[in-house]
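Here is a short tour of a protein model, for reading alongside its coordinates. Take a look at the structure first, and then we can walk through it together.

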Amino acid sequence: MLTILFDGVAYGMLLFVLAVGLCITLGLMNFINLAHGAFAMAGGYLTVVMMNRMGISFYWCLPAAFIFAAVLGVVLERTLYRRLYDKTHLDQVLFSIGLIFMATAAVDYAMGASQQIVNLPPELNGRVEILGANVGVYRLFVIAICGLLTIALQYVIARTRFGSRLRASVDDGRVARGLGIDVTGIFALTFAVGSGLAGLGGALGASILSMDPSFPLKYMIYFLIVISVGGASTITGPFFASILLGVADVAGKYFIPAVGGFIIYTIMVAVLIFRPQGLFTRSAKR
Amino acid sequence: MSAIDAKPPAEAAAPPAASGAPAVSPAARLLAGSRWRWYEFAFWGLALGSYFVFPNKLMLISEILILGLLALSIDLTLGYAGLVTLGQGAFFGVGAYAAGLAAKYGAGAGPWSDPLLGLVIAAGAAGLVGFVTSFLVLRGSDLTRLMVTLGVALIVEEIVTQAKSVTGGSDGLQGVMSSNVLGMWSFDLYGKTAFWYVLIVTFVCFWFCRRLVNSPFGLSLLAIKGNPLRARAIGMPVNARLVAIYTISAAIAGLAGGLLTQTTQFASPDMVAFHRSADSLLILIFGGSGHLYGGLIGAVAFRIMQDFIGNITPQYWLFWVGLVLVLLVLFVRNGIVGLMANGWRRLTQKSHEGKNP
Amino acid sequence: MLRRHLLLGFAGLAAMSAAAPVAAQETVKVGLIATLTGPQAASGRQKVAGAKLYMALNGNMVAGKKIELIIKDDTGVADITRRHAQELIVNDKVAAISGFSLTPLALAVAPVITQAKIPAIIMTAGTSIITERSPYFVRVSFTLPQQSVPIAEWIAKNGAKTAVSLVSDYGPGIDAQDAFKMRFEEKGGKVLEQLKAPLANPEFSAFLQRAKDLKPDALFLFVPAPTAGSLMKQVIDRGLIEANIKVVGTGDITDDDQLNGIGDSVLGLVTSHFYSAAHDSPMNKKFVEEFKKANPGMRPNFIGVGGYDGMHAFYQALEKTKGDTDGTKLVEAMKGMSFESPRGMLTIDPATRDVVQDVYIRKVEKKDGELYNIEFDVVKQVKDPIHK
Amino acid sequence: MSFVQTAAAVETASPVLQTKALCKAFGGITATDNVTFSLPAGARHALIGPNGAGKTTFVNQLSGVLLPTSGTILLNGVDITNWSVRARSRAGIARTFQINQLYADLTPLQSVLIAINERENAASSWFKPVGVRSDLVDEAAALLARLSLSDVIHARVGSLAYGRQRLLEIAIALAAKPQVLLLDEPAAGVPEGERDQILDVVAALPAHVSLILIEHDMDLVFRFAKTLSVLVNGALFVEGTRDEIANDPRVRQVYLGEEVISNV
């Protein structure tokens with residue numbers, strides 16, 4: 001029982017790290033980047049290449065995945081994404097689906113279609129007893145890393161000067177601009193960090209979520225669910241949404257294996273019907 | 001076509017002298033917007049002629065027409081009512097399975113097993129699902145709509161794969177036997193019957209949609225798309241109109257799904273899958289929304305592109321499709337039909353200038 | 001100058017027009033519908049590589065006719081498979097079609113081949129019922145029940161009293177779990193629960209945890225090859241092996257193509273399957289060697305060998321009919337056919353047109369620094385237990 | 001307050017539109033504060049007040065865009081407080097918006113025809129093309145002619161000059177043949193020269209239509225309105241005839257004073 005809860009939390013945490021960047025940039029620029037998963041895939045594949053082909057330690061792969069995805073993010077933001085901010089949501093959706101297709105085919109071309117498998121360092125394999133629950137060491141590791149990241153993010157957003165500017169920009173971009181806040185710069189930075197986090201999530205998840213070229217499409221749906229349940233623009237909303245989804249998904253499959261797959265979609269539609277602005281958001285702002 | 005024909009921007013800039021010319025009554029001018037044009041005859045003539053030009057490709061042409069019909073159904077909601085959705089695959093799939101089940105269990109029941117009745121069932125089932133879910137798209141922003149419709153499509157897909165006893169689950173629906181159309185024409189291997197059947201049904205649906213968008217009802221949809229706040233303020237029952245068009249659109253999508261099942265004699269979960277919804281939307285945008293022809297032309301272009309690229313790099317054609325999409329969004333407004341309309345306008349304007357001085 | 005060109009051109013034209021009818025007469029086309037894009041792309045590549053290898057090794061002339069292979073990508077979507085089948089038959093006038101990576105894709109062509117009377121050689125898809133859907137299906141791959149029954153017997157013989165099965169939720173998975181349960185319970189065991197994971201689901205942890213909490217003696221697994229890697233990782237990660245649960249499965253979970261990527265943690269895992277790249281026969285040695293030479297970085301797996309044998313079956317049949325490409329005659333020729341393949345001996349059951357073959361019990365071991373499924377036991381000439 | 005003491009002439013006419021103790025709060029802010037108001041048939045009434053006085057909020061409640069927090073709205077004595085925008089529109093309340101709400105991609109003819117179709121219940125006809133009902137099209141053309149938009153009836157609305165878009169805004173509202181017309185700053189942003197045209201149009205409206213005008217331009221207000229209400233901080237500050245308001249020292253202080261100063 002506890003093990004299930006634990007697995008659910010680990011899965012949810014991973015989802016959170018993967019999706020949080022998308023949530024913030026969505027709230028910030030009202031821009032929907034469905035190709036967010038491509039950054040996660042970039043991080044995941046970088047880990048695969050570094051570990052399996054170059055023999056570099058897994059622990060170095062994590063920061064490398066973050067930096068790689070972040071750089072990729074900022075380059076794309078500066079060259080392509082910025083042209084789309086004033087276009088319709090439909091254009092943005094199509095554009096990012098196009099990017100997903102390109103990323104999928106490019107990875108297929110470079111790395112092959114089969115699933116990539118990451119062999120974790122031995123100390124992360126195995127299981128330990130905690131509070132009477134038998135839990136995987138790696139999942140513990142994932143929870144620890146994601147937990148630290150969440151705390152760090154929360155600190156940056158709530159306590160730092162950058163954080164307050166970010167919050168102001170998300171609340172009302174026009175006013176923030178009027179106050180002399182460099183919203184474009186903040187956005188570029190947030191986009192980079194968001195992509196970097198996705199890359200890190202991809203690296204962390206490579207051994208749990210299975211990396212193959214269809215990753216961005218497969219997980220796009222999960223990201224959308226995290227946003228629609230958690231709402232954009234804060235990080236606590238997506239955080240609780242991710243945990244809820246992780247636990248509901250794992251517990252659903254455990255207790256009622258026959259309909260496990262349904263549960264998360266049903267939650268999503270129910271939330272969108274009853275609380276279109278998300279379950280964990282303050283009342284609608286606009 | 002009324003939307004563009006009735007308001008060529010060139011006219012706005014025309015000197016007042018033009019209005020001094022023999023006056024066409026405003027009503028006649030509006031009516032003229034819904035008249036059949038030469039290029040429309042040309043389009044359908046080409047579709048008809050493809051039977052003789054590409055006798056080897058009849059199955060592919062049928063598939064393109066079905067895809068075009070699906071995109072056309074999205075055009076009604078997106079291009080006319082301005083509803084942004086990403087779940088049309090759900091209705092396509094419901095129609096596909098409804099027609100499949102009708103053919104499977106209706107087989108041998110004389111006139112009751114006729115494919116045309118199957119189409120009615122497919123449209124009815126999809127329309128019903130559309131009607132029920134239409135209430136979800138009445139609220140919220142474009143983004144909410146995209147996600148709700150996507151969610152609905154995913155749930156339908158889950159149901160299809162889970163309800164094995166009815167749908168056959170992941171293996172698809174087996175044992176679909178298509179009876180002869182009107183008891184006379186059987187579906188042959190060359191796809192001849194399928195071609196005529198699909199062409200005629202598609203044309204009838206198109207003709208219906210064309211009447212619809214040129215009617216006062218269609219005009220009111222454009223009003224909702226243009227400015228829902230204003231539309232409400234003049235007393236328009238905006239929600240009822242949206243429910244109506246969403247339901248009609250779902251029914252047509254279901255009809256397209258039914259056509260696919262009947263001509264291929266099976267239904268499988270990938271008829272409901274995400275890529276159906278995404279592809280059909282891409283096709284519409286590729287072709288250009290709000291012109292009715294966009295979906296059909298987009299389907300042709302999309303398939304030609306897929307074939308062309310697929311022949312060069314069968315494994316990586318997805319990359320080029322993605323690239324085309326990205327470029328399309330960045331540089332081309334209003335798809336292929338938009339490009340053609342612009343080109344035509346420039347051409348005619350030039351020739352005018354040539355004559356006048 | 002110009003004159004010479006013209007003359008040359010003329011000569012060329014004449015040559016072409018003279019050669020064309022002969023070539024048309026002499027060429028026999030075979031369609032291969034594989035999944036080359038999408039999640040199943042890896043299987044398509046194996047199949048194409050296997051079929052091409054056969055032609056490279058055995059030439060392209062059979063019974064005085066030139067064989068031409070036409071490859072189509074169905075992207076894993078059933079209606080495209082069907083359209084390709086129809087176009088291959090109608091436009092390209094193929095003598096046979098082959099391929100089919102998934103059960104629904106094979107089932108989609110059933111009405112077409114029945115109507116056209118063209119044989120369809122199944123190189124991969126493994127649900128029992130497929131061959132019953134049309135008298136023109138011939139299978140050279142395997143069926144899931146055929147693979148599951150031997151492992152059920154083996155595990156029962158080795159002391160397991162209770163078992164849980166976990167399979168992907170689609171035709172082959174259901175087939176596998178039902179056959180496993182049938183035979184395991186015949187041998188006095190008890191299947192505690194049959195778990196089914198969604199086909200598109202990459203996260204097995206909840207199902208595995210449930211399996212673990214049921215505390216069975218054995219866990220039987222089946223998922224399609226491309227998913228097997230991550231499943232096996234999760235099995236190990238979840239500590240099922242330490243919990244003294246014997247994990248067994250069909251060979252799909254220790255797929256040759258992916259085995260090295262899964263890593264040493266699967267060492268000792270026992271599976272049942274009809275093909276291993278480590279199968280000890282001169283024919284297989286040559287096959288593996290040539291396959292690797294032609295496809296650097298790939299190791300043949302059961303799908304590759306399916307493609308190889310599919311071509312062989314067609315060659316043999318055409319030989320037998322002396323070049324007659326009539327579909328019904330070709331199917332007749334294939335019925336009862338028996339030949340040695342890299343996998344071992346293989347027979348096409350004349351009654352069901354389904355494959356009858358040896359099924360091996362293998363264990364994952366390390367050889368020359370690579371992981372292989374090493375065969376240590378065999379059940380001879382297994383028929384599909386579900387066909388009547 | 002009502003018009004009883006001040007507007008004896010219209011006292012006999014029964015009120016078309018009334019509000020009783022109307023309140024609207026957004027969070028902690030009271031945007032409409034206990035407004036009891038009555039509009040006689042054929043009124044030419046102006047609603048004035050400083051920025052943020054709650055004029056548009058009040059009109060939004062009358063037209064149904066916003067629902068009041070408490071209080072009632074009566075149209076011809078019928079309680080319409082919870083009616084939808086559409087129901088009110090069909091009952092005869094039409095409005096224009098402070099910021100143009102037009103269909104940028106349609107033509108003026110289409111824009112007006114859409115409203116006429118709704119009024120005549122012709123808009124749910126889906127089979128016959130637009131234009132078959134030539135009577136309705138002619139009516140739309142005639143209405144546009146009245147607002148001197150004849151030369152652009154086939155132009156794209158988005159391409160029209162701002163002043164003409166304002167006129168079209170009024171034309172669309174008039175197409176519904178309303179009983180009560182709410183004009184929210186019809187001349188806002190319109191260049192000086194074109195204001196008169198708008199004023200002429202307003203002045204030429206049929207006498208039986210009751211008008212409420214929100215306007216900042218005092219010149220326009222005093223030329224148009226026979227009666228006025230002054231709204232301050234959401235509450236009705238004072239009501240009266242044109243002359244009374246013009247001479248009311250309190251009004252001069254809170255409102256006109258500002259206006260005068262800012263104009264200087």
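## Chain A at a glance

In chain A, 57% of the 286 residues are buried. Please keep in mind that this model is predicted.

Eleven helices and two strands make up the secondary structure of chain A. Followed along the sequence, these elements run α-α-α-α-β-β-α-α-α-α-α-α-α.

## Dimensions and contacts

How does the radius of gyration of chain A agree with that of a compact globule? A compact globule of 286 residues would come out near 19 Å, and chain A has 19 Å, so the two agree. Along the principal axes, the C-alpha atoms of chain A occupy a box of roughly 55 × 45 × 35 Å.

If we take the contacts in chain A between residues at least 6 apart in sequence, 78% link residues at least 24 apart.

## The nonpolar core

The largest nonpolar core holds 417 residues, and those touching the most other members are A:Leu14, A:Val226, B:Ala126, C:Leu219, D:Val112, D:Ala140 and D:Ala171. Helix H1 (residues 2–29) of chain A is the biggest contributor to this core, giving 19 residues.

Leaving aside residues up to four places away in sequence, D:Ala140 touches D:Leu109, D:Val112, D:Leu113, D:Ile116 and D:Ala175.

## Where chain C meets chain A

Here 26 residues of chain C are in contact with 26 residues of chain A. On the chain C side, at least two residues each come from helix H2 (41–58), strand E8 (190–197), helix H7 (205–213), helix H8 (225–237) and helix H9 (259–262). That side of chain C comprises ten nonpolar, nine polar and seven charged residues.

Key
Residues numbered from 1 in each chain as written. Chains lettered and ligands numbered in written order. Predicted model: local features only at pLDDT ≥ 70, side-chain atom pairs only at ≥ 80, totals over all residues. Contact = placed C-beta atoms within 7 Å. Helix = DSSP H or I, 4+ residues; strand = E, 2+ residues; numbered from the N terminus. Nonpolar A, V, L, I, M, F, W, Y, C, P; charged D, E, K, R; others polar. Core = buried A, V, L, I, M, F, W, Y, C linked by C-beta atoms within 7 Å. Buried ≥ 20, exposed ≤ 12 C-beta atoms within 10 Å, placed from the backbone. Rg over C-alpha atoms; globule rule 2.2 N^0.38 Å.
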